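I opened my notebook today with a few things to look up.

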Amino acid sequence: MSGRIPNTLVVLSLFLFGSIAVSADEGRQFPQKASFSTLITTPLVIEGLTGDNYGNLYAPGRTPGVGLPCPVWRVKHEPSPSLVLVGNIPAPSATTQCSPSGLTFDAAGKLYVTETDRIYSFFPDAVSPPLADLFASGVPGTNGVAFDREGNLWTGDGTTGVGRVWKINMAGVVTEMFRVQPMSNEVNLVGGVGGVGRDVHTLPPGTITVTPTSRNALNALGSQPLVANGVAFNREGDLLIADTARGAIWTVKFDPHGNLKSNVGCDTTFTANTLCLDNIFVAHPYLEGTDGIALDRAGNIWNSSNERNAIVVVTRKGGVMEVFRNPVNAAGLRNSADPAVGNDHILESPSSPFLLGKVFCTANSDGDRRDNSPRALGEINGGCTIPPAISCARGKISCMDQELSIPGLPLPVQ
């Protein structure tokens with residue numbers, strides 16, 4: 001057999017994994033030797049990030065205390081960033097804590113925020129910050145959110161790991177549209193479905209024992225089940241989905257009437273509405289832990305790769321390029337910076353990227369995982385406690401020092 005690679009293998013390789021890297025010409029449109037600086041730190045953990053048309057960013061604080069509402073802050077990018085309270089998300093109950101994640105604006109300027117298993121909405125007001133109204137419920141694990149052209153809100157089920165993607169109409173009615181294939185089914189058959197699959201384990205230092213109740217046990221110890229995390233629509237009306245566990249981006253297509261065109265039902269061990277694997281647009285090791293996505297006007301997909309403390313861009317053609325990753329510190333890790341660099345110039349479990357015009361920013365949730373473990377050594381410490389007389393930075397927003405050559409895609413997409 002000759003050394004020439006068969007064409008079928010080349011095609012298969014590109015189909016499964018996308019381009020290995022972008023071309024030199026293509027790569028020049030993205031920042032070279034990118035660097036980051038902290039825009040602002042927050043007293044609570046943050047994960048979601050969005051922006052308006054006036055140069056402001058918005059982020060919700062998480063877990064302020066049992067029964068307490070979660071603040072939603074507005075942050076002016078420049079010249080003097082500060083946290084301005086513009087609304088509050090209620091706690092699920094008097095005995096639990098709220099933990100909002102994704103957020104986005106509709107065309108009328110109302111802000112929608114996901115929280116545990118429901119979505120709230122309100123008009124931001126810095127003078128009289130409102131308590132948000134309930135918009136929709138019955139969406140367990142809801143994380144990223146995005147509006148389509150018809151004004152429907154879409155979201156995935158995040159940390160539940162089931163892979164459900166819902167469409168919510170303007171009246172708040174929730175419809176499950178399809179599922180992203182999960183990394184593992186239930187241990188036992190349920191209605192003839194299940195009993196197969198695997199799970200990705202990205203653990204902090206420690207050991208693990210697999211038991212029949214492994215789904216919940218592994219989640220607690222650091223398993224990564226998220227397959228329907230960030231969502232975004234492109235100009236063509238396709239829905240792009242960040243698959244955190246696989247390090248992949250799915251593309252889902254619809255007909256002019258909004259009906260699903262993408263193939264489903266290829267694997268009978270999953271539910272019949274589960275997407276086939278040929279709907280994966282690109283999968284790549286650089287995308288490990290992709291947590292939220294944002295598009296620029298050329299259709300390039302920007303990713304915050306939380307497991308790797310990195311920022312990665314996927315081009316329209318499926319090329320994958322790492323724009324930034326924390327440098328290695330003196331201990332040989334990427335969880336903090338050497339004094340010469342400063343912890344205000346590194347990422348700490350980045351999530352929810354947002355393109356504010358030509359400015360790229362990302363939230364940092366400081367998870368105790370992968371490249372960010374142990375997490376206590378950086379600028380922020382998402383695990384610190386906050387007694388009344390003591391404050392600490394539990395989250396931060398970081399922005400790229402270099403301008404983007406291609407600005408962000410205005411939202412919601414029209």
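**Ground rules**

I am working with a predicted model, where local features need pLDDT of at least 70 and side-chain atom pairs count only at pLDDT 80 or more, while totals for chains, interfaces and linings use all residues. Residues are numbered from 1 along each chain as its sequence is written, and side-chain values use heavy atoms, with hydrogens and water left out.

**Entry 1: disulfides**

I reminded myself that a disulfide is a covalent bond between the sulfur atoms of two cysteines. For the search, a disulfide is a pair of cysteine sulfur atoms within 2.5 Å. How many disulfides does a search of the whole structure find? I noted 4 disulfides. Counting bonded cysteines along the chain, I wrote their pattern down as 1-2, 3-4, 5-8, 6-7.

**Entry 2: Cys-70 and Cys-98**

I looked up this pair and found the sulfur atoms of Cys-70 and Cys-98 2.0 Å apart, forming a disulfide. The torsion about their S-S bond is about 105°, so I logged the disulfide as right-handed. Cys-70 sits in strand 5 (residues 70-76), and Cys-98 in the loop between strand 6 (83-89) and strand 7 (100-105), so the pair ties together parts that are 28 residues apart in sequence. A note on terms: helices (H or I, at least four residues) and strands (E, at least two) are DSSP runs, numbered from the N terminus. I also checked burial, and both Cys-70 and Cys-98 are buried. Here buried means under 20% relative accessible area, exposed means over 50%, and partly exposed is in between (1.4 Å probe, protein chains only).

**Entry 3: Cys-266 and Cys-276**

My next disulfide joins Cys-266 to Cys-276, with 1.9 Å from S to S. I read 85° about the S-S bond of Cys-266 and Cys-276, a right-handed link. Cys-266 and Cys-276 lie in the loop between strand 19 (248-252) and strand 20 (280-283), so the pair ties together parts that are 10 residues apart in sequence. Is Cys-266 buried or exposed? At 58% relative accessibility, Cys-266 counts as exposed, whereas Cys-276, at 3%, counts as buried.

**Entry 4: Cys-361 and Cys-399**

I found Cys-361 joined to Cys-399 by a disulfide, S to S 2.1 Å. The torsion about this S-S bond of Cys-361 and Cys-399 is about 100°, so I marked the disulfide right-handed too. Cys-361 belongs to strand 26 (residues 359-364) and Cys-399 to strand 27 (residues 395-400), so the pair ties together parts that are 38 residues apart in sequence. Cys-361 and Cys-399 are both buried.

**Entry 5: cis peptide bonds**

I noted a cis peptide bond between Ser-373 and Pro-374, with omega about -5°. Pro-374 is in the loop between strand 26 and strand 27. I then wrote down a cis bond from Leu-411 to Pro-412, with omega near -5°. Where is Pro-412? I placed Pro-412 in the segment after strand 27.

**Entry 6: positive phi**

Thr-116 is not a glycine, yet I read a positive phi of about 65° for it. Thr-116 lies in the loop between strand 8 (111-115) and strand 9 (118-122), and at 40% relative accessibility Thr-116 counts as partly exposed. Ser-352, also not a glycine, has a positive phi of about 50°. I located Ser-352 in strand 25 (residues 350-356), and Ser-352 is buried, with a relative accessible area of 13%.
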